[in-house]
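Hello,

Here is the structure we spoke about. My notes follow below it.

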Amino acid sequence: MSYLTARKEAPEASNVMVKISGLSLYYGNCRALNNINMDIMEKKVTALIGPSGCGKSTFIKCINRMNDLIPGCRIEGDVIVNGTNIYKDGIDVSYLRKEAGMVFQKPNPFEMSVFDNVAYGPRVHGLRDRHKLAAIVEHSLKAAALWDEVKDRLHQSAMGLSGGQQQRLCIARVLAVEPSILLMDEPTSALDPISTQKIEDLIAELKEEYTIIIVTHNMQQAARISDMTAFFLLGELVEFDRTAQVFRNPSDKRTEDYITGRFG
Amino acid sequence: MKQNGAYHRWSSKEFILNNRKKQKRAQRIAFAFMYIAAGIAVAALFAIIGFIFANGFKAITWDFLSKGVKDAGREGGIFPMIINTLYLVGLGLLFAAPVSILAAIYMTEYSRQGILIKVIRFFTTNLAGIPSIIFGLFGFVFFGKMLGWSWSLLNGAATIAIIILPTLIRTAEEAILTVPASFKEGSLGLGATKWQTMRRVVIPAASPGIFNGIILGMGRIVGETAALFFTLGSGAKIAESIMSSARTLSLHLYNLAKEGISVQNAYGTATVLIIIILALNLIAGWLDRRISRFKEMR
């Protein structure tokens, strides 16, 4: 199977969900991202590829301001999510993170029951109604293709699930807060091939409803699941185009060298 | 492994085995010293505990555990001291535990990791090493005279709270730092506030370590004598209010032994004290094993 036979459909003239203009990011004096400009389309899967340390994880964390947690991190430029400039003063970071939910590299369920993990988000945003919570938990677990595996153990600890199940639980946990955007930071890098396959199938389903931005080390994965691909190198966005275009006919020599395995 | 035809392998079997003999001898000598050192440590511990128990168990009867003091402790039991000890533990922790947990949260999560934190950390480290009698003097002068609390459960509890605070802050801080960062990211990433993340995810995950510190603090309260001598006084009855002077097991033991009142009852009291401390340490050890399960997850 070759990743050159990627999906055909081009992103039609759909809406821009995340508009990034002139984004640079510094850790202290060290520049990790340099003048990134990117329009990320609604209800498409956008894959971010590039070698380790190229800034793709740093970039994805700009979209829900998780970089705020890092001391000495400074940002220039604009990130506009669904029409709101998220680096302007006075925006509600909690609401932003609800809207742009994040799935992390390593599954990180809380030390609680399966149910409480999924209900955590709605609860912290103030939802108390037990019937509603139960409905949300069931709906989210079904959407994350985990319901059948855990419906008889909803009140047992989530730490007892397998790695792949834990990651789908983390996806369900994010879906429960009803985001518009799913940010996935190498969500399958800690998983076995079968669990990876399940997550990839899930992503294909979820893109009907969500704008998905996924960081991946795995170029075949990017080719399989994404509509758009962005290639990052040393903090710069080298190429951003339809996935088929990037993999079949890259316009930049560095992209070609990377996807043909000459480095990285 | 040939280089320019002149390279000879150095690792002949004879060379390795020859040197192995020397290495084994060095190991035997090192192990011998370790056994001796460990033996001395264990023997000293068992000698003390065995000595106290051998003399103390004779004194322990139901009446000894359940009756009040008679004739300054020559007769009767230690029931009021057991209750007073529990009162002091409860009240001391009521003061120290919330303060220490909030301070630890502040130090790990809310403040910038700057000079202020270094100063606080320096003081919590060094406060823990100050002899408790200094705190006793402080409690005597400040709480006792200036605030007029005299010798009382309140004064004793406030003083002992200050004594155990540095230990409690440090154990709580370490427990919070042991919680994997991914828990915090997961919670913040869903839009939870810092405080929600702390209260619902981080503190519950750190709770075995925090309780471990609290139990070490309990042990410290049960064992403290010098500072309480100045602040708690020596009332030999069950404290009627927080303004009553009282006497813990340790203070009672001190009285019995120093005044030569009853060596027999002093041993009995010591035995009860040791049993309490051992029980607390066993619980602390168990909790410590529970929190260390995170260490491989970091």
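**Notes on the model**

Just after α3(A), G126(A) takes a positive phi of about 100°. Helices (H or I, at least four residues) and strands (E, at least two) are DSSP runs, numbered from the N terminus.

Before going further, the conventions. This is a predicted model, in which local features need pLDDT of at least 70 and side-chain atom pairs count only at pLDDT 80 or more, while totals for chains, interfaces and linings use all residues. Residues are numbered from 1 along each chain as its sequence is written, and chains are lettered from A and ligands numbered from 1 in the order in which they are written.

**Chain A**

Among the buried residues are D116(A), N117(A), Y120(A) and P122(A). Their cover includes α4 (130-143), α5 (147-150) and α6 (163-175) of chain A, together with α8 (194-223) of chain B.

Chain A also has an open sheet of 4 strands in the order β2-β1-β4-β5, with antiparallel pairing (strands pair if DSSP finds at least two bridges between them). Its edge strands, each pairing on one side only, are β2 (30-41) and β5 (84-85). Strands β1 (residues 16-27) and β4 (residues 73-81) of chain A are joined by 8 bridges in the antiparallel sense. K19(A) is opposite I80(A) in β4(A).

**Chain B**

Chain B has 11 helices and 2 strands. Of its 298 residues, 40% are buried. Its radius of gyration, taken over C-alpha atoms, is 26 Å, whereas a compact globule of 298 residues would have one near 19 Å (the rule is 2.2 Å times the number of residues to the power 0.38). Its C-alpha atoms fill a box of roughly 95 × 60 × 35 Å along the principal axes.

Helix α5 of chain B (residues 132-146) bends by about 25° at G139(B) (the angle between axes fitted to the seven residues ending there and the seven starting there). G139(B) is also one of the buried residues of α5(B), which include F135(B), F140(B) and F143(B). These buried residues pack against α6 (153-178) and α9 (226-231) of chain B. Just after α5(B), G148(B) has a positive phi of about 75°.

Regards

Methods. Buried ≥ 20, exposed ≤ 12 C-beta atoms within 10 Å, placed from the backbone. Contact = placed C-beta atoms within 7 Å.
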